[in-house]
Amino acid sequence: MKILYVSAEMVPFAKEGGLADVAGALPVALSKEGIDVRTIMPAYRKIDRKKFSLKPVKGITPVKINYNGQELESSLLEGKLPGSDVIAYFVENEYFFGREGVYNNPDTKEGYEDNAERFVFFTRSIMELIKQLGWQPDLIHLNDHHTSLIAAYIKRLHAHDNFYKKMKVLLSIHNLGYQGIYPKEIMWFAMFDQSEYYPMSAFEFFDKVNFMKIGIIFSDIINTVSKTYAQEIMSSEEYGFGLEGVLRDRKDDLYGIVNGIDYSVWNPETDELIPNKFSIKDLTGKTKNKELLIKEQGLSFAEKKVPLLGIISRLADQKGFDILEGCMDDLMENDIRLIVLGTGQKKYHDMFEEYSKKYPGKIGVNLTFNNELAHKIEAASDMFLMPSRYEPCGLNQLYSMKYGTIPIVRTTGGLKDTVTPFDSQTGKGTGFTFDGYSSEELMVTISKALMAYQDKDKWAVLVQNAMNEDFSWSRSAKEYIELYNKALKK
Ligand code: ADP
């Protein structure tokens with residue numbers, strides 16, 4: 001089976017969020033299962049051509065795409081996903097991708113004004129370039145709205161092209177909060193026929209164009225990154241952001257597959273980024289990491305019975321920081337330490353800075369993107385806070401469990417599917433969960449966790465349960481292969 005895996009970001013080349021982790025790991029796992037998979041993404045300037053030995057693909061003639069009266073050239077580079085034989089392609093064009101950021105201008109932190117054009121260019125280029133590869137995918141696996149126009153290209157514009165005629169499409173939705181909604185004028189650069197644009201058509205969305213909607217309508221099969229999120233996005237506007245009806249129309253083709261995590265990167269037994277390694281059999285390294293990090297963050301000394309709570313997150317409304325703010329004072333009345341790592345919306349930067357001044361010695365605030373510190377926080381903390389408003393899958397709760405760091409999560413999306421509430425009677429469960437999106441419920445649940453922490457024996461059982469969970473990619477890869485087979489039968 002030949003699969004072309006298309007994503008706007010991919011570890012280790014360019015990462016903005018969880019999508020990159022998935023795009024870097026799933027193709028490798030698929031290839032281990034015997035799938036002939038290749039990946040393709042834009043050749044952003046920041047991707048180190050030398051380090052990854054990227055070379056122009058032999059025998060490929062660059063294609064010319066007319067943009068605003070100029071002919072822009074699109075060419076193809078080739079490398080490998082590190083540590084594997086998976087071929088990785090990169091669409092190169094200086095005008096659209098020769099910039100510092102992936103989606104956002106790093107100076108202004110705002111999205112590039114021509115993001116619609118950039119990703120139309122990316123998808124149109126793919127349609128032209130891959131025909132020259134001498135390798136014909138059976139299925140194209142799309143990820144999120146940056147890539148989703150390809151579904152319409154295959155089913156409409158290129159429907160009679162022999163190369164594409166039988167090709168199937170799977171669209172993975174990683175976050176429906178980002179849909180790629182643009183002024184309707186993008187229709188023309190995207191090469192869609194004007195007659196296709198009318199109220200309620202696949203191409204129209206409240207007088208605009210919505211890339212995700214187009215992808216959902218034209219793909220053979222759709223999946224999200226957890227089963228619960230697949231249900232939630234059909235259920236209400238709160239989760240579907242206006243596409244709930246379109247998704248309901250496709251409910252028979254909508255599936256959920258929870259993400260795996262890369263245990264070669266996130267494993268306390270082998271993690272080179274943490275000061276002391278540890279394992280489920282011997283947690284002394286974890287205790288040492290906690291002492292070290294508390295010191296490093298300039299927090300006051302904490303005895304063993306004082307728990308350390310961690311947060312690593314984009315600071316966005318999605319992640320539940322408004323309900324955390326509502327109980328911050330109650331939380332900080334407890335004898336705890338809290339370490340926060342995140343960047344994002346200014347209001348949350350201000351909020352955490354304010355609290356770090358209000359509770360000196362108790363809260364460490366790091367408003368940056370820092371992968372090493374992320375590993376250290378997972379390796380040092382006793383608990384991890386993730387009170388998300390919605391969460392398609394979520395990765396940090398999975399990393400946390402592996403590091404014996406007990407997740408406190410809201411039961412939404414992937415958090416619901418991966419964290420089981422701890423029952424102190426039976427000793428079963430891996431974390432603490434709450435349903436209602438409110439500061440009160442969050443605080444009640446944190447209090448439960450803080451109480452449980454004082455019972456060392458029970459806490460030890462909980463930590464063992466969490467560390468024993470297995471979210472390796474091979475399991476998810478097998479589920480994707482089942483979906484590919486379903487799509488191929490359509
Ligand atoms: P999302 O994709 O919505 O941001 P996920 O939990 O799926 O959320 O993935 C987030 C990824 O980004 C994780 O790998 C997490 O460790 C990482 N991350 C988020 N914020 C930071 C940060 N400030 N510094 C380092 N890593 C971060």
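Asparagine 105 sits in the loop between α2 (94-97) and α3. Helices are DSSP runs of H or I with at least four residues, strands are runs of E with at least two, and both are numbered from the N terminus. The model is predicted; local features need pLDDT of at least 70, side-chain atom pairs count only at pLDDT 80 or more, and totals for chains, interfaces and linings use all residues. Residues are numbered from 1 along each chain as its sequence is written, and side-chain values use heavy atoms, with hydrogens and water left out.

Asparagine 105 has a relative accessibility of 24% and therefore counts as partly exposed. Buried here means under 20% relative accessible area, exposed means over 50%, and partly exposed lies in between (1.4 Å probe, protein chains only). Leaving aside neighbours within four places in sequence, asparagine 105 is in contact with Glu110 and Tyr112. Contact means heavy atoms within 4.5 Å. Glycine 17 is 88 residues away from asparagine 105 along the chain, and the two C-alpha atoms are separated by 16 Å.

Backbone geometry was examined next. Most residues other than glycine have a negative phi, and most peptide bonds are trans. The bond from valine 11 to proline 12 is cis, with omega near 5 degrees. Proline 12 belongs to the loop between β1 and α1 (18-32). Aspartate 144 has a positive phi, near 60 degrees. This aspartate 144 lies in the loop between β7 and α4. Its relative accessibility is 7%, so aspartate 144 counts as buried. Aspartate 207 also has a positive phi, near 70 degrees. The loop between α5 (186-189) and β10 (208-210) holds aspartate 207. With a relative accessible area of 47%, aspartate 207 is partly exposed.

Helix α4 covers residues 149-157, and its buried residues are Leu149, Ile150, Ala151, Ala152, Tyr153 and Ile154.

Histidine 375 is placed in helix α14 (residues 371-380). Its relative accessibility is 1%, so histidine 375 counts as buried. Beyond residues up to four places away in sequence, histidine 375 touches Val265, Trp266, Asp271, Leu273, Ile274 and Tyr403.

The protein as a whole contains 19 helices and 18 strands. Its radius of gyration is 23 Å, close to the 23 Å that the globule rule gives for 490 residues, so the protein is as compact as a globular protein of that length. The radius is taken over C-alpha atoms, and the rule is 2.2 Å times the number of residues to the power 0.38. Along the principal axes, the C-alpha trace spans about 70 × 45 × 45 Å. Buried residues make up 60% of the 490 residues. Of the contacts with a separation of 6 or more, 73% join residues 24 or more positions apart.

The domain assignment, an automatic or database one, gives domain 1 (2-260 + 474-489) and domain 2 (284-470). Their C-alpha centres lie 33 Å apart. At the boundary, 19 residues of domain 1 are in contact with 19 residues of domain 2.
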